[in-house]
Amino acid sequence: LARLLAAVPTNLPTIDPVLAALVFAAIASLAVHAENRLAFLRAHVAHPLVRLLSANLDPPIIRLGTVVFELVGTIANLSIDPEDSFYFRQTGVAAPLVKLLIANTNLLANPVAAERFLTACHNISADPVNKASFGPEVAAPIVRLLKATPDLFAINPIVAAVFLGVIANLSTPGDSVGVAFGRAGVALPLARLLTTARPDLPHHQLRSGAGAPQGMRQPAD
């Protein structure tokens, strides 16, 4: 599978979106298990995945059932543990993720797509080198999403927890991204979000820099 992924042309999602989606879904499903995940990463699947993602962002909208959706889910599943995201260093993965984040202004209205995309962002940003690649421009679209869905915890606590994990990973105090969050006005919408949090939300879902708040579901779920 890794050799197949490395050999496909970057326009495969356009030429044969069904085949591309099947390849991504197969890798994502297998990558749920730690041994398979490490085998894929050691077989250098990270670079061709990011190459395919970067080449197929027109339009940069994540929709259920699209190839981009399956591809983002594959990246999320391949970076579940903190050490996994190490393999995405030097791939340029942050740039297409930020582009998707900026374009998908209504992302949180689609809970399945939101969970997969935000989990990918959370897992990748758990690595400090990858986290630094996101840059200050990531703050404004995140704050816009917060402002648009102040009752997210009441609607979908799992997505809300992953979303908070993304903010926690990216907003190191004092650095340029942390400053950008402050300038974007993160405090008020974040406070409003937390007022809707359920008191029984498991604390382990809110870890920072420690892999996915929960394991990704298989793509067929």
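Trainee: Why is Ala43 called partly exposed?

Mentor: Ala43 has a relative accessible area of 34%. Buried means under 20%, exposed over 50%, and partly exposed in between (1.4 Å probe, protein chains only), so Ala43 counts as partly exposed. This is a predicted model, where local features need pLDDT of at least 70, side-chain atom pairs count only at pLDDT 80 or more, and totals for chains, interfaces and linings use all residues. Residues are numbered from 1 along each chain as its sequence is written, and side-chain values use heavy atoms, leaving out hydrogens and water.

Trainee: What is the C-alpha to C-alpha distance between Ala43 and Arg3?

Mentor: Ala43 and Arg3 are 8.2 Å apart in space, although 40 residues separate them in sequence.

Trainee: Why does Leu4 count as partly exposed?

Mentor: Its relative accessibility is 43%. Partly exposed is the range between the two cut-offs, so Leu4 belongs there.

Trainee: Which residues of α5 are buried?

Mentor: Ala46, Pro48, Leu49, Val50, Leu52 and Leu53 are buried in α5. Their cover includes α1, α2, α3, α6 and α7.

Trainee: What makes a set of residues a nonpolar core?

Mentor: Its members are buried Ala, Val, Leu, Ile, Met, Phe, Trp, Tyr and Cys residues joined through side-chain atoms within 4.5 Å. The largest one here has 65 residues, and Phe181 is among those that touch the most other members. Helix α12 (residues 157-170) gives the largest share of this core, eight residues.

Trainee: What is Phe181 in contact with, leaving aside neighbours within four places in sequence?

Mentor: Contact means heavy atoms within 4.5 Å. The partners of Phe181 include Ala139, Ile142 and Val186.

Key. Helix = DSSP H or I, 4+ residues; strand = E, 2+ residues; numbered from the N terminus.
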